[in-house]
Amino acid sequence: MAQGRLTRRDFVCGAAAAGAGLAAAPWLAGAAEGAAAPVRGGRLVAGVQAEIPHLDPHRSALTISYVALSPMYQALTELGPNLELRPRLATSWQVSGDGLSWTFNLRRGVKFHNGKALTSRDVQFSIERILDPKTGARGRGDLSAITSIATPNPNTVVFRLKSPFGFFPNKLATSYQAIIPQEAVDTGNNVTKPIGTGPFQFVEWVTNDHLTMRRFDGYWDAGKPYLDEVALKPIPDETVRLTALQTGDVQLIDSVPQARLQGLFAQPSRDYVVRLVRGGGGQGVIVLNTRHKPFDNVKIRQAVAYGMNKREMVDASYRGWGVTDNQNFSPTSPWYLPVKDRPFDVAHAKSLLAEAGMPNGFKITISIANGYGQPAVAQVFQAQMRRIGVDVSIEVYDVPSWANRINTGNFDIDLTGFFAKVDPDDAYYRYSHSNGGVWQLSGYLNDSELDRLLDEGRTEADVAKAKTTYTRVVEILQDQASMLIFGSGHSASGWRSNVQGYAPQLIGALSYAGGGLQEAWLAK
């Protein structure tokens, strides 16, 4: 490497390293596990922080789907505990000299849960389903560079792209880019049979109560998983969730209340383990819907932005474990860019409202979920807006209903969170490009310069030039003020002391390449 110029191979590897850097040396559990041999058998119940909306891996924009479905579904590539890129259903890949053709070699001996062998045709079917706008897949924008898919033999897939895209292997990772067989989908394009290639296979799903999976004995990683069965129970109330761990009603929880962490670390228990995951809290975000009045007016959006006290929002959201932020990376990331944050300025917010013809403010609603600690954060935002004359009503929904409203654009203001990002394309394209898979989470911000820059960023192999491009992206997003990122923070996971071999992933998947539930076992 010379003067910041990378080869395409370097760039791909560098992206994975950048993902690792996001974690800022995360304090993850599992590295110091004892030397005892894993024991097969047993049932593990995990308490998760939200209801599971459905079992279609491609369609959900919610983190809980990615978390909950990861034991059943797998993709060509995967992200390790610190978001480093790893092989999964593909064992290797090569890019052509012009950067336009990517050849993926499939892992041999992989079977779906219905016993059918994985072939390149299944990959083609799955990726084409994701790319079909009618599917409404979260990952569609990530793969929009694909122009054709060839399957020269059952074990090889060749993707042809319209332009070079160094981050392309990253875009094929995670369960929302899962490879599924065609027979899992009915003629209406709905997943009716949750069939994947993961270590656990579907048994039963009772809405808002539990999702049960059992060990898949035909799993390609011989001898794994060790557990007989896994059950996920939605427990949105964080106090109830922690109590369930402390009393042994569940053996693992995916989110320990941040307000309790200092006390839990000061007085560790012999019965359970709590581990901080640095960067695991991702970013907190307020979304203003530009398709709804008065947020079609940029001055109104900017007034809300200037009236928001980020420090108060971070304290409410991360409760001592977060920092203020203005972009989709934490300040410790190598992809954190030098864009000065907007100050908190009530007087300026009021002057912008007056310039926009609304000196006395207006009434509006914010849509939130009954989980993720959102009600407390929404109340802080509501109080802040009252200072500038904006009367915000809080509408609380169960997670599936909230998700449906957001995904269909039926909201004025949304409070949400983004999990930690692997690379700048991952951080901005999906949300901010008009062809992104979750464009609604930028409030449908339609900006031609932003689209052009995001397209250019994908093809840029020079890190310095890429940073220049994405710096301008962050500046536009801040000026347009429809996606108000207010902070970054940490999260924590907990499990009973008899759970061995488990380590959390930075973005919370319960099963991932080399870790999570597929490696967990219960000590006698």
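Modeller: F362 sits in the loop that links α9 (346-355) to β14 (363-369). This is a predicted model. The relative accessible area of F362 is 9%. The cut-off for buried is under 20%, so F362 counts as buried. Its contacts beyond four places in sequence are P294, F295, I300, L353, G389, V390 and D391. V392 is 30 residues from F362 in sequence, yet their C-alpha atoms are 8.5 Å apart in space.

Now the sheet. Four strands make up an open sheet, in the order β4-β5-β7-β6. Their pairing is antiparallel. β4 (90-95) and β6 (146-153) are the edge strands. Each has a single partner strand, so one side of each has no neighbour in the sheet. From one strand to the next, the twist averages 20°. In general, strands of a sheet pair through backbone hydrogen bonds, parallel or antiparallel. Here β4 and β5 (residues 101-106) run antiparallel and are joined by five bridges. Within that pair, S92 faces N105 of β5. A helix packs on the sheet as well: α3 (residues 120-131) touches β5, β6 and β7 (156-161). The direction of α3 makes about 165° with that of β6.

T156 gives a residue-level view of this region. T156 belongs to strand β7. Its relative accessibility is 13%, so T156 counts as buried. The side chain of T156 makes a polar contact of 3.0 Å with the side chain of N153. Beyond four places in sequence, T156 touches T103, F104, N105, L106, S120, A150 and T151. N105, one of these contacts, is also the residue opposite S92.

Last, the nonpolar cores. The largest has 80 residues. Y428 and L517 have the most contacts inside it. Helix α14 (residues 463-480) gives the most to this core, with six residues. L517 touches L44, P71, F200, P225, L227, V230, L252, Y502, L510 and S511, leaving aside residues up to four places away in sequence. Another core lies apart from the largest one. That other core has 33 residues, among them A305, Y306, A356 and A481.

Note on methods:
Residues numbered from 1 in each chain as written. Predicted model: local features only at pLDDT ≥ 70, side-chain atom pairs only at ≥ 80, totals over all residues. Heavy atoms only, no water. Core = buried A, V, L, I, M, F, W, Y, C linked by side-chain atoms within 4.5 Å. Buried < 20%, exposed > 50% of the residue type's maximum accessible area, 1.4 Å probe, protein only. Helix = DSSP H or I, 4+ residues; strand = E, 2+ residues; numbered from the N terminus. Contact = heavy atoms within 4.5 Å. Pairing = 2+ DSSP bridges. Axes fitted to C-alpha atoms, helices over the stretch in contact; angles between N-to-C directions. Polar contact = N/O pair within 3.5 Å; in protein donor to acceptor, adjacent residues only side chain to side chain.
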